[in-house]
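This briefing goes with the sequence and structure shown here. Keep both in view while reading the points that follow.

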Amino acid sequence: MTTPFDPIVLGGKHLANRVAMAPMTRSRAFGTDAEPTELMATYYAQRAGAGLIVTEGIQPSPVGQGYPDTPGLHTAGQVRAWRTVTDGVHREGGVIFAQLMHTGRVGHPSLLPDGLVPVGPSAVAAKGQVFTHEGPKDFVTPRELSEADIRQTIADFAAAARNAVEAGFDGVEIHGANGYLIHQFLAPNSNLRTDGWGGDTQGRIRLAVEVATAVAEAIGSHRVGLRISPGNPYNDIVEDAPDEVYLALLDRLAGLDLAYLHLLEGPLLEGPNRELTGRLRKSWPGAFIINPFTHPDATGPEALKLIEDGTADMVAYGALFLANPDLPRRLAAGGPFNTPDKATFYGGDHRGYTDYPALTA
């Protein structure tokens with residue numbers, strides 16, 4: 001039987017265990033340049049015991065930013081700053097992928113430079129608010145992306161992936177979940193297009209396929225993962241019957257030989273749809289990572305059985321990794337575990353946050 005603490009090869013990298021650190025927005029790239037800080041380097045190095053670290057969402061272009069103080073990978077200064085993070089993780093023996101996240105219609109003009117406004121597949125505003133430096137603000141109606149804009153967005157993802165490799169990352173994860181741009185193209189309530197980028201299933205999966213293809217061509221498919229969250233209503237996404245779209249997406253991506261698929265389970269009517277999880281697992285030819293649906297609680301040690309029973313190859317932990325930087329060691333020992341602060345479960349922390357120290361009792 002496979003155990004969570006067996007090694008695994010992922011995209012050519014030998015991982016020490018099958019416990020992944022999930023991507024979590026921390027909002028610590030303070031300043032106008034969206035560059036990683038020393039605090040971020042310490043934070044990731046503390047958690048290098050993970051089999052795989054996936055960073056917080058990193059915008060591939062200025063217009064891709066949706067929250068305050070989130071980092072980018074589209075300038076030379078950002079690349080240099082990220083090198084301090086990757087060097088620190090590698091010194092501790094860790095493996096780290098950069099998550100590339102374009103937030104699309106999620107955001108606000110006050111967060112963007114040079115008069116930019118949020119963009120999306122269609123001019124449909126999300127219901128809800130986003131946190132800004134001036135407090136919560138309503139989502140605005142995004143500017144609908146033109147054909148040329150979409151092509152530029154794909155090129156931005158590929159360029160950011162090349163920057164990630166230059167910055168020392170072991171690979172990248174494309175964020176296709178949580179109601180951000182790629183997810184907005186997948187979902188019928190946010191993508192009302194009737195051209196080749198919307199309409200039927202093949203049109204709605206097209207951006208995800210073309211971004212993954214371009215990024216794989218830019219840095220090698222073995223360095224590329226994809227995160228999806230079928231049926232997740234976060235950021236005003238409605239996908240009542242996502243099976244057809246996501247199974248078609250996996251069918252189109254299967255031949256790319258990506259490093260992994262990262263499934264963030266979400267609520268589908270009355271809870272996590274493990275039937276769909278199983279179908280996605282069966283359809284995917286490569287490594288399969290699951291971030292299980294445990295809302296409103298943090299994912300706990302019991303999730304490790306998903307590796308033992310073959311549901312997934314790796315399990316990704318979020319909040320429990322915030323409270324326990326040495327989480328794999330604690331999981332192997334059966335505890336003890338610090339209790340996560342529920343205020344940190346969803347969304348970032350800001351200047352007043354004090355991180356948990358490494359290796360606390």
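Pro118 is buried, because its relative accessibility is 1% (buried means under 20% relative accessible area, exposed over 50%, partly exposed in between, with a 1.4 Å probe and protein chains only). The model is predicted, so local features need pLDDT of at least 70 and side-chain atom pairs count only at pLDDT 80 or more, while totals for chains, interfaces and linings use all residues. Residues are numbered from 1 along each chain as its sequence is written, and side-chain values use heavy atoms, with hydrogens and water left out.

**Pro118 and its surroundings**

- Pro118 sits in the loop between strand 5 (96-100) and strand 6 (119-120); helices (H or I, at least four residues) and strands (E, at least two) are DSSP runs, numbered from the N terminus.
- Apart from neighbours within four places in sequence, Pro118 has contacts that include Gly104, Arg105, His108, Leu112, Val140 and Arg143 (contact means heavy atoms within 4.5 Å).
- Leu145 is 27 residues from Pro118 in sequence, and the C-alpha to C-alpha separation of the two is 9.9 Å.

**A buried charge**

- Asp156 belongs to helix 3 (residues 147-166).
- Asp156 is buried but has no salt bridge (a side-chain nitrogen of Lys or Arg within 4 Å of a carboxyl oxygen of Asp or Glu).
- The nearest side chain of opposite charge to Asp156 is that of Arg162, 8.4 Å away; Lys and Arg count as positive and Asp and Glu as negative, while His and the chain ends are not counted.
- Not counting residues up to four places away in sequence, Asp156 touches Pro60 and Ser61.

**Helix 6 and its neighbours**

- Two packed helices are described by the angle between their axes and the distance between the axes.
- Helix 5 (residues 201-219) packs against helix 6 (residues 243-253) at about 40°, with the axes 9 Å apart; axes are lines fitted to C-alpha atoms, for helices over the stretch in contact, and angles run from 0 to 180 degrees between N-to-C directions.
- Helix 5 and helix 6 are therefore oblique to each other (under 35 degrees counts as roughly parallel, over 145 as roughly antiparallel, 65 to 115 as roughly perpendicular and the rest as oblique).
- The crossing of helix 5 and helix 6 is right-handed; a crossing is left-handed if the near helix is turned anticlockwise from the far one by less than a right angle, and right-handed if clockwise.
- Helix 6 and helix 7 cross at roughly 15°, and their axes come within 10 Å.
- Helix 6 and helix 7 are therefore roughly parallel to each other, and their crossing is right-handed.
- Residues of helix 6 that meet helix 7 include Tyr246 and Leu250, and those of helix 7 that meet helix 6 include Leu276 and Leu280.
- Among the buried residues of helix 6 are Val245, Leu249 and Leu253.
- The cover over the buried residues of helix 6 includes helix 5, strand 11 (224-228) and helix 7 (274-283).

**Backbone exceptions**

- Most residues other than glycine have a negative phi, and most peptide bonds are trans.
- Asp69, in the loop between strand 4 (52-58) and helix 2 (76-91), has a positive phi near 60°.
- Asp257 has a positive phi of about 60° and lies in the loop between helix 6 and strand 12.
- Asp69 is buried at 8% relative accessible area, whereas Asp257 is exposed at 58%.
- The peptide bond from His295 to Pro296 is cis, with omega near 10°.
- The peptide bond from Gly335 to Pro336 is also cis, with omega near 0°.
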